[in-house]
Amino acid sequence: MTSPNIVAISASPSRSSKTALLVDYVLEQLGPYAQHAHHLRVRDLNPEALLSGNLQEPSLQHAITLLEQTDAVIVATPVFKASYSGLLKAFLDVLPQFGLAGKSVLPLATGGSLAHVLSLDYALRPVLQSMGARHVIQGFFLAESDVLSSSPQLQIDPAACDKLAEVMHHFRCVLDSPVADILLGHPRPQRSPLCLPSLPSA
């Protein structure tokens, strides 16, 4: 079976971003799957093109093409004022209405307090589902108190590691699912006649 392509989006405006470090940490946990993963840092895109929606600008055009060609997406954001970052909002706004159709999505978030953990389910998940994601895996929130070190690599509290391990298990299960499962999603993707179930004869 061909390994799925993965695009990991980190949407922090900070150059020294724990959100981006969390994405790198998660990709390391994917083992062989990481060979087919690309980490897209939204802060590296052309800001004028992003805010104006100039889809012809090379960096933005490349990012959108990556998403079109991927099977699974990791979406990581810092939480500001109980919601995902404005940088992520700007990027999602330039994508097609159903730009996540047929794709599985793993949402990740970082924030100062566990008080913001519900932002994954109440702020980010509805947006991802509205874009047609076929499956949004239960997300993971990394609180500042769970970060033991962020230099040079991210180290997190063992209890948080256990929670992340469970989330990663679910994500790997999705990545291991049959290729035909990518035909699930909204709106209904194009289907080959060979993929349609045959009706029993009368």
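## Terms and basis of the model

Residues are classed here as nonpolar (Ala, Val, Leu, Ile, Met, Phe, Trp, Tyr, Cys and Pro), charged (Asp, Glu, Lys and Arg) or polar (the others, Gly among them). By these classes, the lining of the second largest cavity has eight nonpolar, no polar and no charged residues.

The model is predicted, and local features need pLDDT of at least 70, side-chain atom pairs count only at pLDDT 80 or more, and totals for chains, interfaces and linings use all residues. Numbering runs from 1 along each chain as its sequence is written, and side-chain values use heavy atoms, with hydrogens and water left out.

## The chain as a whole

The chain has six helices and nine strands, taken as DSSP runs (H or I of at least four residues for helices, E of at least two for strands) and numbered from the N terminus. Of its 202 residues, 45% are buried, where buried means under 20% relative accessible area, exposed over 50%, and partly exposed in between, with a 1.4 Å probe and protein chains only.

The accessible surface of the chain comes to about 10800 Å², of which 55% belongs to carbon and sulfur atoms; areas come from the Shrake-Rupley method with a 1.4 Å probe, and for residues only the protein chains shown count as cover. Among contacts (heavy atoms within 4.5 Å) between residues at least 6 apart in sequence, 77% join residues at least 24 apart.

## Enclosed cavities

Rolling a probe the size of a water molecule over the atoms shows where empty space is left. On a 1 Å grid over the protein atoms alone, a cavity is a set of points where a 1.4 Å probe fits but cannot get out, a pocket is an open set with protein on both sides within 12 Å along at least five of seven lines, and lining residues have an atom within 4 Å of a point. Grid points are joined across faces, edges and corners, and a volume is the space filled by probe spheres set on the points.

The structure holds two cavities of 30 Å³ or more. The largest, with a volume of about 40 Å³, is lined by Thr77, Val79, Ser83, Tyr84, Ala109, Ser119, Leu120, Ala123 and Leu124. Two or more of these lining residues come from each of β3 (72–80), β4 (83–84) and α5 (119–130), and α5 gives the most, with four. The lining divides into six nonpolar, three polar and no charged residues. The second largest cavity has about 30 Å³ of space and is lined by Ile9, Leu67, Val73, Val75, Leu92, Leu95, Leu100 and Leu128.

## The largest pocket

The largest pocket has a volume of about 220 Å³, and of its 13 lining residues the closest to its centre are Val117, Gly139, Phe140, Phe141 and Lys163. At least two lining residues are supplied by each of α5, β7 (140–143) and α6 (158–175), with the largest share, three residues, coming from α6. By class, the pocket lining has eight nonpolar, two polar and three charged residues.

## Cysteines and backbone features

Zero disulfides are found in the whole structure, a disulfide being a pair of cysteine sulfur atoms within 2.5 Å. Cys161 is partly exposed at 24% relative accessibility, and Cys173 is partly exposed at 43%.

In the loop between β3 and β4, Lys81 has a positive phi of about 50 degrees although it is not a glycine, and this residue is exposed at 83% relative accessibility. Ala82 lies in the loop between β3 and β4, with a positive phi near 65 degrees, and is partly exposed at 43%. The peptide bond from Ser151 to Pro152 is cis, with omega near 0 degrees, and Pro152 lies in the loop between β8 (147–149) and β9 (155–156).
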